[in-house]
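Hi,

Here is the structure I promised to pass on.

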Amino acid sequence: MKTSAESSKHAQNLSNLRHSTAHLLAHAVTELYPDTLLTIGPVTDEGFFYDFLPTTNFKEEELAIIEARMHEIAARALPITQEEISKKEAQKLFADNPYKLELIENITDEMVGISRQGDFFDLCRGGHVANTKNIKHFKLTATSGSYWRADKTKQALQRISGTAFESQQELDEYEQLKKDAILYDHRRLGKQMDLFSISDLAAGFPFFHPKGCAVLNTMIAYMRGLQRKHHYQEVLTPVMMSDELWKTSGHYYFYKDNMYFADLEDASYAIKPMNCPGSILIYASRPRSYRELPLRMSEFGHVVRRELSGVLHGLMRVRGFTQDDAHTYCTKDQLEDQIINIIKIIKEMIQKFDIKNMHFAIATKPATKYIGSDELWDTATNALKTALERVGEPYRIKEGEGAFYGPKIEVGIQDSMKRFWQCSTVQVDFSLPERFDIHYITKEGTKERPIMIHQANFGSLERFFGILVEHYKGNFPFWLAPVQARVLPITDAQRTYAQKLYEDLYACGYRVEIDTSGDPLSGQIKSAQEEKIPLMIVIGKKEEEAKTVTLRHRDGKQEMGLDYQALLCRFEELQR
Ligand SMILES: [Zn+2]
Ligand SMILES: [Zn+2]
């Protein structure tokens, strides 16, 4: 384990290296294409890029040439130096480059930083490796279009992106993860494994095929079990509700641009973008006593949100999706413990899906679009902070990124390809209970306002499904797999025994299939492996005579001579 001082030192070194590699890229481009104008070249999360204005656009195949020149320059072992010069001198130095001149113009200091290596120089605030020979392990990854100042109305530029690491091993690992991300893209696997599809006739609204639906239903069954264990009660609320409701909730004023509306007779209705107001109507349907609190209502609610077609992306960004949404109504005294309990539920859920790393953030009050007093926002934000501190989870603050009705905890999970995805959220809300004027009757017989906690564990079921497809690279664990096992009869002589076994397992509720292709065993195994089925139940003459099976795992491991009871025991173990 690295200490935080060591890891911030490491991050700084990596950032210096990548920044220096961006200079090296600009240096190589300047030598190869002398008429190219340089603009900016910042470090990014994954590496760096440099935006150029070349005389003709770069082609993908030119990256290798540029990369070769970069290695050549690096090998010249040029010291990288940094100096401060006056603005006037800098303007002289960059007299032919309007972009650099604009950057210099915007520098508030009198002095301007310049870095030099050999005869190459660039505008720069510093933070380099000492010598070009220290830049060894890098890769140019892409060329794409961009705009000066990221503004579409300004000059179109050409971006070259790349990355650099301190060791070849880290670079190799990075490249492998990039290849994997393409290979195991959920859209590609979704098609290959026949899990889901998206039609042009319903852009942003996915279709789940039988196998995808089997996984989705297993996720729902798991979540129902988890919610039941923690005393949530499931509800269902309508898909469309009157504008009046959305005006009361504030969505009509703060979220309207994301909503679809339709006329029903003489009233305007909205398709729900969130489930919360529906839940409140159930709470408000009759008087509530303090004895009922905390009251936890969960819902698998299908919501629809307006998204531009250009941003839609497989299952990751859609227009219609199902939230595993829950709302807890509680007293002020119960608030902190309830949040802690919710954090524990989320952690339990994340571990179930073999996810090792997660991190927490608190998103605070938006700058302009919000409801409720500053005092309520502070109380809610502090409750979230205290709860995370009590469970011992570090968190970072995302300033101004809360929902319009309250601050939230956002949970990021790291998948097997080391990418972070935001999934679960927990929000504290004093505003909606006030807007809907809901109460409970206290022990003393007085009326009090409950606090509402919004909670989504998966977040969007469809998106979490997409993340899981990629995280598992299609190799779902037994309990979650679309097809858990396939019976493989070696010859037709074993077909009756195989069929009986298949029917028994099917009757036990397992998702099993039988291979009816008549192919030789090697072919049957190959196709089961291609379909990423966790277990193969092989039946030959020997097995039939002994009334046993050979159990072959996806990874090639075999267990021989299992009788039916032993087979069922293995299934039950793996199902947990
Ligand atoms: Zn620099
Ligand atoms: Zn909600």
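Predicted model: local features only at pLDDT ≥ 70, side-chain atom pairs only at ≥ 80, totals over all residues.

Residues are numbered from 1 along each chain as its sequence is written, chains are lettered from A and ligands numbered from 1 in the order in which they are written, and side-chain values use heavy atoms, with hydrogens and water left out.

So, what holds the zinc ion (ligand 1)? His 19 (NE2), His 23 (NE2), Cys 124 (SG) and His 128 (NE2) coordinate it at 2.0 to 2.1 Å. Donors here are N, O and S atoms within 2.8 Å of the metal (3.2 Å for Na, K and Ca); water is not among the atoms, so sites may look incomplete. The angles between the four donor atoms run from 104 to 123 degrees, which makes the arrangement tetrahedral (four donors, all angles between 85 and 135 degrees). Along the sequence, the donor spacing reads H-x3-H-x100-C-x3-H. Both His 19 and Cys 124 are buried (under 20% relative accessible area, 1.4 Å probe, protein chains only).

Then there's the second largest pocket: where does it lie? Domain 1 (4–182) and domain 2 (198–238 + 272–471) both give residues to its lining, so it lies between them; the domain bounds come from an automatic or database domain assignment.

Enjoy exploring!

Technical notes:
Tetrahedral: all angles 85-135°; square planar, octahedral: opposite > 155°, others 65-115°. Buried < 20%, exposed > 50% of the residue type's maximum accessible area, 1.4 Å probe, protein only.
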